[in-house]
Amino acid sequence: MSEETILRVSGMSVRYGPKVAVRDMSLHVDQGEVVTLLGANGAGKSTTLMALSGFRSVSDGDITYRGKPLSGVAPARVARMGMVQVPEGRRVLPGMTVAENLELGAACARRAGRAPGDLDWILERFPVLVSKRDVNAGLLSGGEQQMLVIGRALMASPHLLLLDEPSLGLAPLMIHAVFDVLRDIKADGVTMLLVEQNVREGLGLADRAYVLERGQVVKEGTGGDLLDDDMIQAAYLGGGAA
C-alpha cells in the first residue's frame with residue numbers, strides 16, 4: 001500500500017441481524033486512484049459503501065480514513081470529513097433547480113470548512129447541465145439527473161467520492177456519457193471508490209478492482225488484468241478470455 005493511502009479497510013464484517021452481509025473484507029484506496037467493487041446482486045457491494053459512510057454498523061474490523069479511525073462515526077460527520085457518497089437511485093431534490101441542487105453541495109463544503117468545488121470547472125465537465133441551470137431537477141432525464149448528483153457531490157469538494165451504481169437504469173448511450181464524465185474527473189485527480197454492475201465500464205475506468213461474492217473478496221487486481229481474467233469473462237462478460 002502507498003504512503004498516500006486515503007482509505008484502508010481491515011477485516012470488516014457487517015451484519016443484518018443474524019445474516020453476515022460482508023465478511024472479513026480488506027481493501028484500500030490510494031490518493032488519486034479509482035477502485036471498483038464488482039459482484040452480482042447481494043454480493044455486499046452497496047452494504048460496503050453504506051458501512052464506510054456510517055449508515056451501517058460494522059460488527060468486526062477497522063476502517064481508517066485519512067489516518068483516522070472511522071468505525072462508529074455518524075454519517076454527517078463522515079461527509080464533513082470529505083468522504084461523499086453518490087447513492088444509488090439519482091436522489092436529486094426534484095422541486096429545486098439544477099443550480100440550487102449544485103449549491104447544496106457547495107454549502108456542505110462550506111459547513112465542513114472546505115472551499116466548495118469550482119462551478120465553472122464542474123459545468124465544463126457536465127455541459128448538458130449548462131442550459132438547464134434554472135430547470136427543476138425533477139424534469140431532467142435519468143442520465144441528466146445522474147450527472148447532476150455527481151456534480152453536486154463534486155461541489156462538496158470530496159477527498160474521496162463514493163459512487164453506488166451510477167449506470168443503474170440508464171440507456172446504453174447515457175451509460176457511456178456518464179462514464180465519459182467519470183473518466184474526465186479521474187484525469188483531474190479525483191479519488192473514487194465505485195460500485196458497478198456494468199463490468200466492462202467499471203473495470204475500464206478502474207486502476208484496481210475487487211470482486212465480491214457472498215460478502216467476501218474473492219479476487220483483486222488491476223482493471224486491465226481482471227478484464228482479461230477467464231473467471232471474470234465467464235461469470236460477467238459471457239465468455240472466456242481471448
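Predicted model: local features only at pLDDT ≥ 70, side-chain atom pairs only at ≥ 80, totals over all residues.

Helix H5 covers residues 142-155 and helix H6 covers residues 172-187; their axes sit 9 Å apart and the packing angle is about 20°. The cut-off for roughly parallel is under 35 degrees, so H5 counts as roughly parallel to H6. I also looked up the handedness: H5 and H6 cross in the right-handed sense.

Next I asked myself which residues make the contact. From H5 I noted Gly143, Glu144, Gln146, Met147, Ile150 and Leu154. On the H6 side I have Met174, Ala177, Val178, Val181, Leu182 and Ile185. By type, the residues of this contact split into nine nonpolar, two polar and one charged.

Which way do its side chains point? Met192 and Leu194 go one way, Leu193 and Val195 go the other, and all are buried.

I then checked who pairs with E8. Strand E3 (residues 34-38) runs parallel to E8, joined to it by four bridges. Within that pairing I wrote down Thr36, whose bridge partner in E8 is Leu194. Strand E7 (residues 160-164) is also parallel to E8, again with four bridges. Here I found Asp164 opposite Val195 of E8.

Then I moved to E1. Strand E1 (residues 5-16) pairs with strand E2 (residues 19-30) over eight bridges, antiparallel. Thr5 has Asp30 in E2 as its bridge partner. The hairpin of E1 and E2 has two residues between the strands, and Gly17 there takes a positive phi near 65°.

E1 has another entry in my list: five bridges tie it to strand E4 (residues 60-65), antiparallel. Arg8 is the residue I noted for this pairing, with Thr64 as its bridge partner in E4.

Last stop was Arg133. I located Arg133 in the loop between helix H4 (119-125) and H5. Is Arg133 buried, exposed or partly exposed? Its relative accessible area is 34%, so Arg133 is partly exposed.

I also looked up what Arg133 touches beyond its neighbours within four places in sequence. The contacts I got are Thr97, Val98, Ala99, Leu119 and Leu123. For a distance, I took Arg133 and Asn101: 32 residues apart in sequence, and 9.4 Å apart from C-alpha to C-alpha.

Technical notes. Residues numbered from 1 in each chain as written. Heavy atoms only, no water. Axes fitted to C-alpha atoms, helices over the stretch in contact; angles between N-to-C directions. Parallel < 35°, antiparallel > 145°, perpendicular 65-115°, else oblique. Left-handed = near helix turned anticlockwise from the far one by under 90°. Contact = heavy atoms within 4.5 Å. Nonpolar A, V, L, I, M, F, W, Y, C, P; charged D, E, K, R; others polar. Buried < 20%, exposed > 50% of the residue type's maximum accessible area, 1.4 Å probe, protein only. Pairing = 2+ DSSP bridges.
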